[in-house]
Amino acid sequence: LLMYLIRGLDKPPSIDSFMNLDIGFTCFSVFCVGSTVSSLGIRVPEVPQGEDSKSRSSEDSQSFPRHLVLFLVVALVIPFGVLIVLGLAKSSMSLDLDMDLLYEVKPELKAMKTLIDSMDLPALLHMRVGVWECMGKLLQWSAAGEVNSLIAFILYAGFAVFMPILDMCLLACAAVLDFRNKHELASKLLKASGKVRKLSMLDVSIM
């Protein structure tokens, strides 16, 4: 998003602005993906059979009614869908220039106020960027031969956007299947959801 914002300010001959992802980004991306994927290989130790049956009976006695679980899942999935669409469509970062504040901080510039105002700097330095537009630009830069932009697109569109959506879809399907007494298939979807959740980077993206 920041790179898209900086590059969007490039309006020659008045303003020259450029930002690039360098080799450090490549190395860090490989580290992030490698460490995340390798976490899928960590398995929880198996519980001894006697203790496992006791824990299962305890969980069954404390479990919520299936219709309530389905209602809660649907009640959470719908706002998630609305918010993720709004988050993708709306601007996530913006830049504006306050000329009054500029003259207040730099009073010596008031002597050139007429010349500075004629350049219309607030319009030149006004920029708003959103996630959806950013992914489109990353694809465009990737097509131009920027390998790091392709890596950024895979991380952002795949791990930060697609994986959380897939995770929520799996959870919703598991809840519906469990409500229809298809417990084995619902259990498989829950396991798949756990793996997808480990690969999701939406929280990292927000940070």
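Tutor: Just after H8, Gly145 takes a positive phi of about 105 degrees. Helices (H or I, at least four residues) and strands (E, at least two) are DSSP runs, numbered from the N terminus. This is a predicted model, in which local features need pLDDT of at least 70 and side-chain atom pairs count only at pLDDT 80 or more, while totals for chains, interfaces and linings use all residues. Residues are numbered from 1 along each chain as its sequence is written, and side-chain values use heavy atoms, with hydrogens and water left out.

Student: Which residues of H8 are buried?
Tutor: Val131, Cys134, Met135, Leu138, Trp141 and Ser142 are buried in H8. Buried means under 20% relative accessible area, exposed over 50%, and partly exposed in between (1.4 Å probe, protein chains only).

Student: Why do they line one face of the helix?
Tutor: Seen down the axis of H8, the buried residues fall within an arc of 125 degrees, so they line one face of the helix. The arc is that of the directions from the helix axis to the C-beta atoms. On the other side of H8, Trp132 and Ala143 are exposed.

Student: And what covers the buried residues of H8?
Tutor: The cover includes H1, helix H4 (66–89), strand S1 (91–95), strand S2 (127–130) and H9. Contact means heavy atoms within 4.5 Å.

Student: How many aromatic pairs are there in the whole structure?
Tutor: A search of the whole structure finds two aromatic pairs. One is formed by Tyr4 and Trp141, and this pair is edge-to-face, with 6.4 Å centre to centre and 65 degrees between the planes. Rings of Phe, Tyr and Trp (its six-membered ring) pair if their centres lie within 6.5 Å; planes under 30 degrees apart count as stacked, over 60 as edge-to-face and the rest as tilted.

Student: Which parts does the pair of Tyr4 and Trp141 tie together?
Tutor: Tyr4 lies in helix H1 (residues 2–8) and Trp141 in helix H8 (residues 131–143), so the pair ties together parts that are 137 residues apart in sequence. Tyr4 counts as buried at 10% relative accessibility, and Trp141 is buried with a relative accessible area of 12%.

Student: What about the other pair?
Tutor: Phe28 and Phe31 form a tilted aromatic pair, 6.1 Å centre to centre and 40 degrees between the planes. Both residues lie in helix H2 (residues 23–38), three residues apart, about one turn of the helix. Both Phe28 and Phe31 are exposed.

Student: Is Ser29 buried or exposed?
Tutor: Ser29, which lies in helix H2, is buried, with a relative accessible area of 4%. Leaving aside neighbours within four places in sequence, Ser29 is in contact with Ile151 and Leu155.

Student: Let us change topic. Where is confidence lowest in the protein chain?
Tutor: Confidence is lowest in helix H3 (residues 49–62), at a mean of 50, and highest in H8, at 93. The value used is pLDDT, the predictor's confidence in each residue, from 0 to 100. The mean pLDDT of the protein chain is 85, and 90% of its residues reach 70 or more. Over residues 57–62, pLDDT stays under 50, and the model has zero contacts there beyond four places in sequence.

Student: Now to H10. How many residues has it?
Tutor: Helix H10 (residues 183–199) has 17 residues and reaches 25 Å from its first C-alpha to its last, close to the 24 Å expected at 1.5 Å a residue. The expected span of a helix is 1.5 Å times one less than its number of residues.

Student: Which residues of H10 are buried?
Tutor: Ala186, Leu189, Ser193, Val196 and Leu199 are buried in H10. Seen down the axis of H10, these buried residues fall within an arc of 120 degrees, so they line one face of the helix. They pack against H2 and helix H9 (147–179). On the other side of H10, Glu184, Lys188 and Lys191 are exposed.

Student: One last topic: which residues are joined by a cis peptide bond?
Tutor: A cis peptide bond joins Pro12 and Pro13, with omega about 5 degrees. Pro13 lies in the loop between H1 and H2. Most residues other than glycine have a negative phi, and most peptide bonds are trans.
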